[in-house]
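I opened this notebook page to record a look at the pockets of one protein model. The entries below follow the order in which I consulted the structure.

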Amino acid sequence: MYTLIEHRQRALVSKRRLLVGALFGVLVLLIVSCGDSGDEDETTGLMTVTTIDETSTPSTPSTTGTTITSTEPPPTRDVLVYFGTGDPDVCAAVAPHERSVPAGTEPIRAGFDQLVAGPTADEAEEAFSFFSTATEDTVRSATIDDGLLVVDFDDFRAELTPAGANSSCGSGLLLAELNSTAFQFDEVDMVRYELEGSCDEFGEWLQRSCIEVDRAQWADLVASLLPGQPFEGIFGPGATFGVIGVAVEDELNVRALPGDDQAILDSLDPLTTGLVYAGRARRLGPPTSVWYEVQAGEVVGWVHSRFVAPLSAT
């Protein structure tokens, strides 16, 4: 027999054992439930359970094609076209106008294509030409071989004759436009013009024979048409000038021909340098003034000698 105290002690131990067993059962249930929790990794504080789905396919980053559009304009090059200045006293007086054409085009052909399209609306304010939109796209070909340029046109007589392009003064202007446009290209030594393959047809239309012009003839003709008298200056071709004597708020005008009343091709800032003397000078008057032909960047024109001087070593 055991005493009442021993009985109570044995009952207390038994309760403790039941309590420990219950706690152990709860712990087992917690571990099992964590094992069934899905595909995600979880940390329980007791252990980390990782479930791997072997049937899943690794994801591949999706790529979306992106089209990049360039905002840069296509490359171009500049050519000159020559239109009449409208001077009634000099039929063949012409002045250059700059045009931009695609860099990949043949420059001589591009120059004549631009010429026969006539002046733009802005150019027409100070230029005159028999060519217009009515003669656009009339260049059949422009080919050069060993320095000889042959430019063949569609028969544009019906568009040009009523305006007087084949008159004495009109033909002088027409040829001045054509020749000046042709001889801007250094590789051209001589030029011939044709109507649908016939040089005689072109010449007869202008009351002449087949028209072939070489560079020296063209230069002499241009010189003979310049206003004023030739002036033998002290500078040789290629001398370099700078702009002098121009107020800081003013500009020096580069004109198509010698004279204050001639068309303005460009305007130069005070102290501009790098003007290249082209070798020709003209004296006008009275009052007496001397004008130099210079190249300023892409523009060739005339400036008053009072406002330019040769650059010194300093």
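My entries on the pockets follow.

Entry 1, basis. I worked from a predicted model, in which local features need pLDDT of at least 70 and side-chain atom pairs count only at pLDDT 80 or more, while totals for chains, interfaces and linings use all residues. Residues are numbered from 1 along each chain as its sequence is written, and side-chain values use heavy atoms, with hydrogens and water left out.

I noted 38 lining residues, with Y82, W218, R280, E293 and V300 closest to the centre; a lining residue has an atom within 4 Å of a point.

Helices (DSSP runs of H or I, at least four residues) and strands (E, at least two) are numbered from the N terminus. Among the elements that give two or more residues to this lining are β3 (76-84), α4 (168-182) and β13 (273-284). The largest share, 6 residues, comes from α6.

I recorded a volume of about 240 Å³ for the second largest pocket. Its lining has 18 residues, and L175, N179, R208, V213 and L221 lie nearest the centre. Here α4 supplies the largest share, 6 residues.

Terms used:
1 Å grid on protein atoms, 1.4 Å probe; cavity = no way out; pocket = protein on both sides within 12 Å on 5 of 7 lines; lining within 4 Å. Points joined across faces, edges and corners; volume = space filled by probe spheres on them.
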